[in-house]
Amino acid sequence: MSTTIDTKNPYNGDALKSYPLDSENAIQKKLDTAEATFKSWKTYDIEDRIDLLKNLADTLHQSKNRLSTLMTQEMGKPILESKAEIEKCIFLIDFYVKNSDQFLQDDLIETDAKESFISYDPLGCILAVMPWNFPFWQVMRFAIPTLTAGNVALLKHASNVTGCAVAIEKLFLEAGFPEGCFQTLITDHQSVESLIANPIVKAVSLTGSEKAGRKIAELAGKNLKPSLLELGGNNACIVLEDADLEKHIETMVKARMQNAGQSCIAAKRFIVVDRIYDEFLEKFTAQVKTLTSGDPMDEDTTLSCLAREDLAETLKEQIEKSVALGAQVAYGDQKDGAFYQPTILTEVTPEMPVFKEETFGPVAAIIKVETEDEAYEMASNSQFGLGTMVFTADHEAAIDRISDIEDGGFFINEMVKSDPRLPFGGTKISGYGRELSKEGMLAFVNTKTVYINH
Ligand code: NAP
């Protein structure tokens, strides 16, 4: 068994760094530190926690270039997307700087009591198991509201972004957060089982695959601990016959190809009404051709390699099986190491892997339908439930469909995206619980009923 986690650059295969795994003793020490820190951290005034958030935003801002380079080296994201990710983290922090005080206020409720209200207490040490596709954003959107509510956190990040995990812990310390508020564990996912069972850990948050979600839900259930799961998706993008393609085609391509398609909320199935189909396919293909592939450190690169070569292999298998079932390659489909050419598949039907599974790479599955009703039915034909987007000139008609959409999000004339001001999460096998906004801040609190008579 390996005693280190070794990171490497997926673009050129260069070895980056070797990180010794934490011993069992080292992990227990971090757990003990977390518990000791929680006792004082939960007593901090909210103003003091907010001051530390402001420092953290400054620290992120000052380190933006260094952290973006690290992210790009570890998982191949184009450097401009890495910089944008750090900026989004700063925006998230600013949002919680402005709103946390109000979100955590007691809620007065009139009852028969002299006074009754809801108060929000932190739970304690929360374990976060995180993925590599947005190495800073995923961690920050969990950590900022969770810590500001008075909890402490332990991070088990995806192994291929261990450098980012170490950097995030340092950021919190540099910003002045007490030692033990946010700690990174250098460990593989085998240790998640004993971590969830440890009495110091009070809850667990996972962003990751359905497979990891099932395992963590099982462990959380066995130990009767709350869990929040942000899992995969295969979002539909419905294109109705009155869609303004000139205006929105760039957004539709971005919705699929951003981060080389490695996004849970990417548009994975394009469901296009027959009357606009040819025009859509022509414009979509033309827009895909404008993507520039190359070295992710080059600012001109808009589509880079996948984060690991095995991810490109999985994608290839999903495409091959779909082609064997009748899908047509309208564009792309070349693989070179971890790089996968942006690919467009037509004649896609529901039994194909590119329709029913999550594809984590730059492949757009195009499905032709006759009517608007059929388009919505096809969109809902999914085990996943992260989000649906629809492009149409008739936004009133789309609004009438809100309750037909079983997903966590419904976006009209916009790609599904996360925004700190709005809740984010899924239904069905995309998980449960909500991050961001007020809901995210209350994800790991004890919602306590207080009832007072004199
Ligand atoms: P993953 O393989 O599930 O890994 C995610 C994290 O879970 C990693 O830290 C991983 O550790 C850990 N893990 C894996 N198997 C585990 C197990 N059996 N028990 C405990 N922990 C386990 O997913 P990924 O490939 O990194 O990320 C891509 C997936 O995340 C996609 O399905 C994507 O849709 C989803 N995602 C969802 C959202 C959302 O908000 N809904 C956002 C981003 C990504 P190791 O690295 O050590 O294996």
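The following points describe selected features of this predicted model.

1. **Division into domains.** The protein is divided into domain 1, covering residues 4-231 and 429-452, and domain 2, covering residues 235-419. The centres of domain 1 and domain 2, taken over C-alpha atoms, lie 30 Å apart. Across the boundary, 26 residues of domain 1 are in contact with 29 residues of domain 2.

2. **The annotated position.** The unreviewed UniProt entry places the feature "active site" at Glu-230. In the model, Glu-230 belongs to strand β9, which comprises residues 227-230. The relative accessible area of Glu-230 is 2%; because buried means under 20%, this residue counts as buried.

3. **Surroundings of Glu-230.** Leaving aside neighbours within four places in sequence, the contacts of Glu-230 include Arg-141, Leu-206, Thr-207 and Gly-208. Among its other contacts are Phe-424, Gly-425, Ser-430, Arg-434 and Glu-435.

4. **Helix α5.** Arg-141, one of the contacts of Glu-230, is also one of the buried residues of α5. This helix spans residues 137-148, and its 12 residues reach 16 Å from the first C-alpha to the last, close to the 16 Å expected at 1.5 Å a residue. An α-helix has 3.6 residues a turn, so residues three or four places apart point the same way. In α5, 12 of the 12 residues are buried, so the helix is largely enclosed by the rest of the structure. The buried residues include Trp-137, Met-140, Phe-142, Pro-145 and Thr-148. After α5 comes Gly-150, which has a positive phi near 105 degrees.

5. **The seven-stranded sheet.** Seven strands form an open sheet of mixed pairing, in the order β12-β15-β16-β11-β10-β18-β19. At the edges stand β12 (328-331) and β19 (410-412), each of which pairs on one side only. On average, neighbouring strands of this sheet are turned by 25 degrees against each other, direction ignored.

6. **Two pairings within the sheet.** The sheet can be followed through individual strand pairs. β12 and β15 (residues 343-346) are antiparallel and pair over three bridges; in β15, Leu-345 is the bridge partner of Val-329. By contrast, β10 and β11 run parallel and are joined by five bridges, with Cys-237 standing opposite Phe-270 in β11.

7. **Strand β10.** In a regular strand the side chains alternate between the two faces of the sheet. For β10, Asn-235, Cys-237 and Val-239 lie on one side, while Ala-236 and Ile-238 lie on the other. Both faces are covered, and these residues are all buried. The strand is accordingly described as mostly covered, with five of its five residues buried.

8. **Helices across the sheet.** Helix α11 (residues 309-324) lies across β12, β15 and β16 (363-369), and runs at about 25 degrees to β15. Helix α13 (residues 372-380) lies across β10, β11, β16, β18 and β19, running at about 165 degrees to β11.

9. **A loop residue, Ile-265.** Ile-265 lies in the loop between α9 (245-257) and β11. Its relative accessibility is 12%, so Ile-265 counts as buried. Although Ile-265 and Gly-387 are 122 residues apart along the chain, their C-alpha atoms are separated by 6.8 Å. Leaving aside neighbours within four places in sequence, Ile-265 is in contact with residues including Asn-235, Leu-386, Met-389 and Phe-424. Phe-424 is also one of the contacts of Glu-230.

Conventions:
Residues are numbered from 1 along each chain as its sequence is written. This is a predicted model: local features need pLDDT of at least 70, side-chain atom pairs count only at pLDDT 80 or more; totals for chains, interfaces and linings use all residues. Side-chain values use heavy atoms; hydrogens and water are left out. UniProt positions are given in the numbering used here, feature names are shortened, and annotations may be inferred rather than shown by experiment. Helices (H or I, at least four residues) and strands (E, at least two) are DSSP runs, numbered from the N terminus. Buried means under 20% relative accessible area, exposed over 50%, partly exposed in between (1.4 Å probe, protein chains only). Contact means heavy atoms within 4.5 Å. The expected span of a helix is 1.5 Å times one less than its number of residues. Two strands pair if DSSP finds at least two bridges between them. Axes are lines fitted to C-alpha atoms, for helices over the stretch in contact, and angles run from 0 to 180 degrees between N-to-C directions. Domain bounds come from an automatic or database domain assignment.
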